[in-house]
Structure formats: C-alpha cells, structure tokens
Amino acid sequence: QPVALKFLDPSLAGAYVSLGVAQNAMGDHAEAVASFDEALRLEPRVLATRPVAREVLKASRRGERWTP
C-alpha cells in the first residue's frame with residue numbers, strides 16, 4: 001500500500017481523537033478541534049461510541065477545557 005494511502009486509513013481516526021483529547025487538556029482548543037475534525041473526516045462515526053470524546057469536542061469548540 002502506498003504511503004500516502006496509509007494516512008487515509010480509518011483506523012487512524014482513534015489516534016486523532018486521542019490527540020484531540022490531549023490537546024484540549026493542554027488548553028490548545030483550536031488544535032483539538034482540528035484533530036477531532038480529522039478523525040471525523042477519516043471515520044464519520046468515530047465518536048458514536050465515545051461519549052466523553054464528544055463532550056471534549058464540544059468544550060473545545062467553545063474554547064473551554066473539558067472537566068468531568
């Protein structure tokens with residue numbers, strides 16, 4: 001498989017979700033949103049079974065740090 005196609009692999013969507021969660025925790029909300037957007041681009045249903053990640057994304061879009 002060509003290297004370029006590796007980046008379109010939907011299995012990487014979870015990595016972008018994890019990155020978005022970490023970026024939110026560090027206060028980098030714009031980058032968190034970008035990471036979540038990339039995860040959703042790769043796998044549109046990636047947040048369907050991740051309710052906490054959905055809340056982190058919502059907080060990031062508001063420019064807030066998520067707290068449980």
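Colleague: Axes are lines fitted to C-alpha atoms, for helices over the stretch in contact, and angles run from 0 to 180 degrees between N-to-C directions. On that basis, at what angle do the axes of α3 and α4 cross?

Modeller: Roughly 135 degrees, and the two axes come within 8 Å. Bear in mind that this is a predicted model.

Colleague: What does that make α3 and α4 to each other, oblique or roughly antiparallel?

Modeller: Over 145 degrees would count as roughly antiparallel. The angle here is roughly 135 degrees. α3 and α4 are therefore oblique to each other.

Colleague: Left-handed or right-handed crossing?

Modeller: Left-handed, for α3 passing α4.

Colleague: Which residues meet there?

Modeller: From α3, His29, Ala32, Val33, Phe36, Asp37 and Leu40. On the α4 side they meet Ala53, Val56, Leu57, Ser60 and Arg61.

Colleague: And α2 against α4, what angle and what distance between axes?

Modeller: The angle is about 50 degrees, with the axes 10 Å apart. α2 and α4 are therefore oblique to each other. Their crossing is left-handed.

Colleague: Which residues make that contact?

Modeller: Val17, Gly20, Val21 and Asn24 of α2. They meet Ala53, Val56, Ala59 and Ser60 of α4.

Colleague: Step back a bit. How many helices and strands in total?

Modeller: Four helices and zero strands. The order from the N terminus is α-α-α-α.

Colleague: What share of the residues is buried?

Modeller: 29% of the 68 residues.

Colleague: Now the largest nonpolar core. Which residues are in it?

Modeller: Eleven residues: Ala13, Val17, Val33, Phe36, Ala39, Leu42, Val46, Leu47, Ala53, Val56 and Leu57. The elements giving two or more residues to this core are α2 (13-25), α3 (29-42) and α4 (51-61).

Colleague: Which helix gives the most to this core?

Modeller: α3, with four residues. As a general point, nonpolar side chains tend to be buried together in soluble globular proteins.

Colleague: Val56 keeps coming up. What is valine 56 in contact with, beyond four places in sequence?

Modeller: Gly20, Val21, Asn24, Phe36 and Trp66. Val56 also belongs to the core.

Colleague: Asn24 is on that list. Where is asparagine 24, and is it buried or exposed?

Modeller: Asparagine 24 is in helix α2. Its relative accessible area is 2%, so it is buried, the cut-off being under 20%.

Colleague: What does asparagine 24 touch, leaving out residues up to four places away?

Modeller: His29, Ala32, Val56, Ala59, Ser60, Glu64, Arg65 and Trp66.

Colleague: Switch to serine 35. Which helix is that in, and is it buried or exposed?

Modeller: Serine 35 is in helix α3. Serine 35 has 6% relative accessibility and counts as buried.

Colleague: Which residues does serine 35 touch, not counting those up to four places away?

Modeller: Tyr16, Leu19, Gly20 and Gln23.

Colleague: How far is serine 35 from leucine 57, in sequence and in space?

Modeller: They are 22 residues apart in sequence, and 9.5 Å apart in space, C-alpha to C-alpha.

Colleague: Last one. Of the contacts with a separation of 6 or more, what share joins residues 24 or more positions apart?

Modeller: 52% of them.

Notes: Residues numbered from 1 in each chain as written. Predicted model: local features only at pLDDT ≥ 70, side-chain atom pairs only at ≥ 80, totals over all residues. Heavy atoms only, no water. Core = buried A, V, L, I, M, F, W, Y, C linked by side-chain atoms within 4.5 Å. Buried < 20%, exposed > 50% of the residue type's maximum accessible area, 1.4 Å probe, protein only. Contact = heavy atoms within 4.5 Å. Parallel < 35°, antiparallel > 145°, perpendicular 65-115°, else oblique. Left-handed = near helix turned anticlockwise from the far one by under 90°.
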